[in-house]
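Good morning, and thank you for coming. Please look at the structure on the screen, and I shall then describe some of its parts in turn.

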Amino acid sequence: MTHQDRKQKIIELVSRNKSVQISQLTSLFGVSVMTIRRDLHELEKQHYVKRVYGGAVLNEEELNKPYFPRAAFNSTVKELIARKAVELIKDGDTIILDLGSTVLQVSKHLDEMKGLSVITCSIPVINELDAYSDIRVYSLGGELYRENHAFLGSETESSISMYCADIAFIGAAGVSIEHGLTNFYYPTASLCRRIIKQSKKVVLLADSSKFGKAKIAVVGGLSEIDVIITDTGIPQEYLDEFERLGVEVLQVENV
């Protein structure tokens with residue numbers, strides 16, 4: 001197991017259990033106390049955990065920032081990105097909407113679609129689509145992560161394998177040429193990898209503030225995206241990289 005994989009696993013454990021013990025981690029990974037202490041020190045510097053005597057606890061203020069305040073950040077640009085995303089959807093399509101705040105905006109603009117099937121783990125998306133009688137909604141089960149207002153975990157990942165989508169709309173906390181797509185912590189990244197696998201076309205919705213950033217949990221490489229919808233603030237080096245990879249880029253005005 002690599003250093004990065006071990007830290008991702010620690011994040012998954014502390015996210016589920018709210019705390020971890022050094023003795024537990026040394027036994028699980030077969031590494032020294034000093035190695036685990038270094039891992040926890042790095043995770044604390046990245047604001048994912050707070051170290052305590054004998055272990056660490058979840059830094060809930062940083063790792064699990066409230067969903068709706070995140071949704072309010074860059075809300076105008078996210079709205080424009082979402083409207084552009086809806087243009088890619090055809091009547092009768094089967095789509096996946098992940099739990100990202102920009103993806104949530106897509107669900108608010110599907111009222112004119114006919115015969116659409118939507119697969120999601122997001123409770124806000126489900127609530128939004130409840131008003132649309134012509135849209136079939138499939139909810140992915142699993143453990144409720146209240147801070148994310150979504151179902152996540154191994155059961156959620158197993159249930160996504162039952163579906164095949166025409167288009168998946170995903171978000172990311174970070175988009176980096178070096179590290180690809182990343183998220184704040186492991187369960188969301190792991191589910192996103194499964195979503196990509198089960199979709200014919202993958203559309204990334206990410207405003208320009210996400211570029212040049214890398215979070216701890218890796219989703220995958222930029223080449224796994226078919227289309228990215230962003231704003232005109234995206235750096236030129238990313239436009240060049242997407243062109244090299246054959247990824248279609250759609251842009252909205254950076255207001």
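I begin with a term: a crossing of two helices is left-handed if the near helix is turned anticlockwise from the far one by less than a right angle, and right-handed if clockwise. Helices (H or I, at least four residues) and strands (E, at least two) are DSSP runs, numbered from the N terminus. This is a predicted model, in which local features need pLDDT of at least 70 and side-chain atom pairs count only at pLDDT 80 or more, while totals for chains, interfaces and linings use all residues. Residues are numbered from 1 along each chain as its sequence is written, and side-chain values use heavy atoms, with hydrogens and water left out.

Let me turn to the helices at the start of the chain. Two packed helices are described by the angle between their axes and the distance between the axes. Axes are lines fitted to C-alpha atoms, for helices over the stretch in contact, and angles run from 0 to 180 degrees between N-to-C directions. Angles under 35 degrees count as roughly parallel, over 145 as roughly antiparallel, 65 to 115 as roughly perpendicular and the rest as oblique.

How do helix 1 and helix 3 cross, left-handed or right-handed? Their crossing is right-handed. The two axes come within 11 Å, at an angle of roughly 70°, and helix 1 and helix 3 are therefore roughly perpendicular to each other. From helix 1, the residues H3, R6, K7, I10 and I11 meet T35, I36, D39, L40, E42 and L43 of helix 3; contact here means heavy atoms within 4.5 Å. Sorted by class, this contact has five nonpolar, two polar and four charged residues. In that scheme Ala, Val, Leu, Ile, Met, Phe, Trp, Tyr, Cys and Pro count as nonpolar, Asp, Glu, Lys and Arg as charged, and the others, Gly among them, as polar.

Next comes the pair of helix 1, residues 3–17, and helix 2, residues 22–29, which pack at an angle of about 135° with their axes 12 Å apart. Helix 1 is therefore oblique to helix 2. Again the crossing is right-handed. On the side of helix 1 we find R6, K9, I10 and L13, and these meet L25, L28 and F29 in helix 2. This contact has five nonpolar, no polar and two charged residues.

The remaining pair is helix 2 with helix 3, which spans residues 33–45; their axes come within 9 Å and cross at roughly 115°. That makes helix 2 roughly perpendicular to helix 3. Helix 2 also passes helix 3 in a right-handed crossing. I22, L25, T26 and F29 in helix 2 meet V33, I36, R37 and L40 in helix 3, and these residues divide into six nonpolar, one polar and one charged.

I now move to single residues. Buried means under 20% relative accessible area, exposed over 50%, and partly exposed in between (1.4 Å probe, protein chains only).

Q4 is placed in helix 1 and counts as partly exposed, at 31% relative accessibility. Which residues does Q4 touch, not counting those up to four places away in sequence? They are I216 and V218. Q4 and I216 are 212 residues apart in sequence, yet 7.9 Å apart in space, C-alpha to C-alpha.

Most residues other than glycine have a negative phi. The phi of K18, however, is a positive value near 70°. H149 likewise is not a glycine and has a positive phi of about 55°; H149 lies in the loop between strand 7 (143–145) and strand 8 (150–152).

Consider next Q198, in the loop between helix 10 (186–197) and strand 12 (199–205). Is Q198 buried or exposed? With a relative accessible area of 18%, Q198 is buried. The side chain of Q198 reaches the backbone oxygen of Y163 at 2.7 Å.

Finally, G180 is in strand 11, residues 180–183, and is buried at 3% relative accessibility. Leaving aside residues up to four places away in sequence, G180 touches G174, V175, G220, G221 and L222. The C-alpha atoms of G180 and A214 are separated by 7.8 Å, with the two residues 34 apart along the chain.

Thank you for your attention.

Conventions: A polar contact is a pair of N or O atoms within 3.5 Å; within protein, one must be able to donate a hydrogen and the other to accept it, and residues adjacent in sequence count only if both atoms are side-chain atoms.
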